[in-house]
Amino acid sequence: MISFFSETKFKLPYKKNDLKSWVKMICNTENHKIGDINYIFCNDEQLHKINVQYLNHDTLTDIITFDYTEDFQIAGDIYISVERVCDNANDFEVSFKEELLRVMAHGILHLCGYKDKSESESQQMRQKEEEKIRLFTEKE
């Protein structure tokens, strides 16, 4: 089951059912099944606290993914800072909606086993993000 929660004043700019279908499509294209996936939208302060408490990183970030995947059934909590997404959209000169899709796909790709620690892993992650964003925008 895919669920969306907001710990800040935030309204998804897409229909929830469209996003759920898209996330399922991402999982299918990566040969994974859907378990319980929670998207939690929050602000910088909340995500920073999580980053410090659970990862010992004293930095701002746009996303933190807690992975509960077993075998090929993906499950996890995906925390997204709406403020970071907005700032990143400005920095990368893309729309907020596009950047939000990128970050949402990024979390699912982590649950599917993709990493982004090395340069080659980051390049592969970016390619996969673009591929998954196209899945959404082509069906709009």
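Two elements are taken to be in contact when heavy atoms lie within 4.5 Å. The structure is a predicted model, in which local features need pLDDT of at least 70 and side-chain atom pairs count only at pLDDT 80 or more, while totals for chains, interfaces and linings use all residues. Residues are numbered from 1 along each chain as its sequence is written, and side-chain values use heavy atoms, without hydrogens and water.

Helices (DSSP runs of H or I, at least four residues) and strands (E, at least two) are numbered from the N terminus. Strands count as paired if DSSP finds at least two bridges between them. An open sheet of 4 strands has the order β1-β2-β4-β3, with mixed pairing. Its edge strands, β1 (2–6) and β3 (63–67), each pair on one side only. The pairing of β3 with β4 is antiparallel and extends over 5 bridges; I63 has I80 of β4 as its bridge partner.

Helix α3 (residues 82–92) has V82, R84, V85, N88 and A89 as its buried residues, where buried means under 20% relative accessible area, exposed over 50% and partly exposed in between (1.4 Å probe, protein chains only). Seen down the axis of α3, these residues fall within an arc of 155°, so they line one face of the helix; the arc is that of the directions from the helix axis to the C-beta atoms. N90 and D91 are exposed on the other side of α3. The buried residues of α3 pack against β2 (33–42), α2 (44–55), β4 (73–81) and α4 (96–111). Just after α3, E93 adopts a positive phi of about 55°.
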